[in-house]
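Here is a short briefing on one protein chain. Take a look at the structure, then read on.

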Amino acid sequence: MAAPLPLRSDDDWWRDAVIYQIYPRSFADGNGDGTGDLSGVRAKLPYLVELGVDAVWFTPWYVSPLVDGGYDVADYRTIDPAFGTLGEAEKLIAEARELGLRTIVDIVPNHVSDQHHWFQAALAAGPGSPERELFHFRPGRGVDGELPPNDWPSEFSGNTWTRVADGEWYLHLFTPEQPDLNWAHPAVRREHEEILRFWFERGVAGVRIDSAALLAKDPGLPDFVKGVDPHPYVDQDELHDIYRSWRTIAREYAGVFVGEVWLPDAERFARYLRPDELHTAFNFNFLTCPWDSTCLQRAIDDTLAEHEPVGAPATWVLCNHDVTRTVTRYGREDTGFDFATKAFGTPTDLGLGTRRARAAALLTLALPGSVYLYQGEELGLPEVDIPRDRVQDPMHFRSGGTDPGRDGCRVPLPWAADEPHCGFGGDAGPWLPQPLDWADYAADRQAREPGSMLALYREALSLRRSGAGFGDGPLTWKPAPEGVLHFSRPGGLICLVNLSATPVALPGHRARLLSSGPLDGEGRLPQDTAVWLRA
Ligand code: NOJ
């Protein structure tokens, strides 16, 4: 095992951290029952240290019926027994910290599971009860209340209202098993403030906030009129007050927030990052950008420009547990990402996608700010076409079966090429099927191959950690031929990415630090390749 990384003691660690996202169900299986767990994660901490990341973000690990992969939380203060116990989570947080890794947990404030005791009590208590006020219960429209109270579209296709036996309807922006909380109710605010404290007290360094721009609803719950502002449930002004109060709690623990904020409007997005609100938010405009130099450069410029006035660092993300894996997306005709256009059987050139993903890795790791890596990204895992009878994601079912859903990026990781199921799941086999060629991507195999994706990430992260010019700070664009991204960072770091068909000569430099692929016979940077240089 590599020597533990020194824990960055400065309170600003998050401004340029590399944060590794763990989807616990699919990361590592300690007890061999086919589902990933905390003992699996604990055993893999040395792997994460060797990879060179600064922190780990866990998608929800709380008690949950797993209707939406854990984003349907039944109890925030208990770990799902499939993953382990609270005591084990505490051990994990402490062990990780010993090894120099900070922990970020995921809080889902917009909704709870329908199995949460609040919702069960609300169902039992009936119309007009204080228990129902914690949610959005309403009578229906129509002569007999047979129509939903409004026409809001769901974030997962389909309806947003479900009728209960006594005739009332309740709101759920996602599945019926995820009733929305009423954030105008003081008890909802209080409870979440206590949940934050609960996890900060256990030593977590940060909190990822799920669906952060959706919590507050227009109290009249009016119909949705396209193009009319403000939107009745996205980006309501009340949210800022909530996050200001959260920030005062985070301050007590030196904790940080990262918000899941999908907003196209840069100015509205940046409001969440004002100094007394969230520290950071995911940069989805960059993630959805196609492999196109003009688009990428614009996304980078827009990102830096929108963050600059509020003094927050940018975040860079290529993929996560909701979107198509990078090597697959970049190997398709449409290299951008859009939930609406996902389909089964999309033709993919994985060789091409992998070359581009390698270049994209060096691009993102050289940009100013922090970077999120999604488990398996460092192995170059592709999106998997899950057989229809094994799909579990509600997005698939709610689309009427046309959307393949998000399971394809959640397939359990291949750890050991020569073990059954690549070392995940013992005899039981993993909860989602792994494709036949999964062993080719196994971490142990890649660890021995100098040119592997894992080797590239390890080397890049080691350089990023030890060298000048990475992370927070300015970026200066340099003149470059069309289709080439060329910028410098403080301390003489240069990053060049060639997205054009014409090989490009390297600018003058003192040292070549790393390239995502070989240079051509004349020492030029070929198409879909990136290089880091020291001037
Ligand atoms: C965003 C999460 O990333 C996604 O996985 C989840 O389904 C929705 N929020 C609802 O919680």
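Both Tyr243 and Trp246 are buried (buried means under 20% relative accessible area, exposed over 50%, partly exposed in between, with a 1.4 Å probe and protein chains only). This is a predicted model, in which local features need pLDDT of at least 70, side-chain atom pairs count only at pLDDT 80 or more, and totals for chains, interfaces and linings use all residues. Residues are numbered from 1 along each chain as its sequence is written, and side-chain values use heavy atoms, with hydrogens and water left out.

**Aromatic pairs**

- A search of the whole structure finds 33 aromatic pairs. Rings of Phe, Tyr and Trp (its six-membered ring) pair if their centres lie within 6.5 Å; planes under 30 degrees apart count as stacked, over 60 as edge-to-face and the rest as tilted.
- Tyr243 and Trp246 are edge-to-face, because their ring centres are 5.4 Å apart and their planes stand at 85°.
- Both Tyr243 and Trp246 sit in helix 6 (residues 239–253), three residues apart, about one turn of the helix. Helices (H or I, at least four residues) and strands (E, at least two) are DSSP runs, numbered from the N terminus.
- Tyr20 and Phe27 also form an edge-to-face pair, with 6.0 Å centre to centre and 75° between the planes. Tyr20 and Phe27 are both buried.
- Ring pairs join Trp57, Trp262, Phe282, Phe284, Phe337, Phe339 and Tyr372 into a cluster.

**Domains and pockets**

- The domain assignment gives domain 1 (13–109 + 186–461), domain 2 (117–171) and domain 3 (473–534). Such bounds come from an automatic or database domain assignment.
- The C-alpha centres of domain 2 and domain 3 are 56 Å apart.
- The largest pocket has a volume of about 940 Å³. On a 1 Å grid over the protein atoms alone, a pocket is an open set of points where a 1.4 Å probe fits, with protein on both sides within 12 Å along at least five of seven lines; lining residues have an atom within 4 Å of a point. Grid points are joined across faces, edges and corners, and a volume is the space filled by probe spheres set on the points.
- Its lining has 37 residues, and Glu155, Phe174, Leu214, Trp262 and Phe339 lie nearest the centre of the largest pocket.
- Domain 1 and domain 2 each supply at least three residues to the lining of the largest pocket.
- The second largest pocket has a volume of about 420 Å³. It is lined by 25 residues, among them Thr324 and Arg332.

**Residues to find**

- Trp61 lies in the loop between strand 2 (55–58) and strand 3 (62–63). Trp61 is buried, with a relative accessible area of 0%.
- Not counting residues up to four places away in sequence, Trp61 touches residues including Leu38, Thr78, Phe83 and Trp199. Contact means heavy atoms within 4.5 Å.
- Glu88 lies in helix 3 (residues 86–98). Glu88 is buried, with a relative accessible area of 17%.

**Backbone details**

- The peptide bond from Asp229 to Pro230 is cis, with omega near -10°. Pro230 lies in the loop between strand 9 (206–209) and helix 6.
- Leu66 has phi near 60°, a positive value in a residue other than glycine. At 21% relative accessibility, Leu66 counts as partly exposed.
- Asp528 has phi near 55°, also a positive value in a residue other than glycine. Asp528 counts as buried, at 3% relative accessibility.
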